[in-house]
Amino acid sequence: MRKTVLFLLVAALHPAAAVETGHTRLRGVQPGTTTTAPSAAEATEVAAIDRVEAGYWAITVEELQRARHLMRGPRGAFSVSNISPVEVLGIHARSDAERDRYAELFTKLLHDDAQRVLAWQRAGDAAMRRLYPQDKAIDFGRAPNALSLPNWYFAPGGAAP
């Protein structure tokens, strides 16, 4: 009895027992229902987000929705979670022409991204030379247990002079 009273007293005074619910809004849900339809404002917001995301991938909103639908099935279990919608659509293409279209689109997206990454790397290399002109980006001579490799090994092309 004494332990029960002590437990109730500690539980009542413990800060974790209090929960702030001042701004919680709940939608009314009828018993037996599992989902509610989004409001018109929510549907417009979702549609706007979908248009933006579809634009990132250069596909239509319908194609984006199809990719999401496919990811709810076996494709979602077989693929990494960050597979692009273009890859999903290409894997599940309904014709050779559709597969070729998605392959070309994905190749262009990869090419453009590679160009951005290379431009960033060139800017970083230039900043390194500008800010630290006397330093090497990587100094193999200072590495513990550094191998003694000939200078030609690090020359462009890796060929002896």
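In what order do the elements of the protein run from the N terminus on? The order is α-α-α-α-α-α. The secondary structure comes to six helices and zero strands. Helices (H or I, at least four residues) and strands (E, at least two) are DSSP runs, numbered from the N terminus.

The model is predicted; local features need pLDDT of at least 70, side-chain atom pairs count only at pLDDT 80 or more, and totals for chains, interfaces and linings use all residues. Residues are numbered from 1 along each chain as its sequence is written, and side-chain values use heavy atoms, with hydrogens and water left out.

Confidence is given as pLDDT, the predictor's score for each residue from 0 to 100. The protein averages a pLDDT of 79, and 62% of the residues score at least 70. Among the elements, helix α1 (residues 2-13) has the lowest mean pLDDT (50), and α5 has the highest (98). Over residues 5-29 the pLDDT is below 50. Beyond near neighbours in sequence, this stretch has six contacts in the model. Contact means heavy atoms within 4.5 Å.

The accessible surface comes to about 13,800 Å². Carbon and sulfur atoms hold 61% of that surface. Areas come from the Shrake-Rupley method with a 1.4 Å probe; for residues, only the protein chains shown count as cover. Of the 161 residues, 13% are buried. Buried means under 20% relative accessible area, exposed over 50%, and partly exposed in between (1.4 Å probe, protein chains only). Among contacts between residues at least 6 apart in sequence, 24% join residues at least 24 apart.

The largest nonpolar core has 11 residues in all, including A54, I59, L64, Y102 and L105. Elements that give two or more residues to this core are α3 (61-71), α5 (85-91) and α6. A nonpolar core is a set of buried Ala, Val, Leu, Ile, Met, Phe, Trp, Tyr and Cys residues joined through side-chain atoms within 4.5 Å. Leaving aside neighbours within four places in sequence, A54 is in contact with I59, T60, V61 and L64.

Helix α2 covers residues 40-57 and holds A47. A47 is partly exposed, at a relative accessible area of 28%. The C-alpha atoms of A47 and V61 are separated by 8.2 Å, with the two residues 14 apart along the chain. A58 lies in the loop between α2 and α3. Phi of A58 is near 60°, a positive value in a residue other than glycine. Most residues other than glycine have a negative phi. A58 counts as partly exposed because its relative accessibility is 46%.

Helix α6 (residues 96-131) has 36 residues. From first C-alpha to last, α6 reaches 52 Å, close to the 52 Å expected at 1.5 Å a residue. The expected span is 1.5 Å times one less than the number of residues. The buried residues of α6 are E98, Y102, L105 and A127. E98 counts as buried because its relative accessibility is 16%. Beyond neighbours within four places in sequence, E98 is in contact with R66, H92 and A93.

A search of the whole structure finds six salt bridges. A salt bridge is a side-chain nitrogen of Lys or Arg within 4 Å of a carboxyl oxygen of Asp or Glu. E53 pairs with R68, the closest N and O atoms being 2.7 Å apart. This pair links distant parts of the chain, with E53 in helix α2 and R68 in helix α3. R94 forms a salt bridge with E98 at 3.0 Å between the closest N and O atoms. R94 counts as exposed, at 61% relative accessibility.
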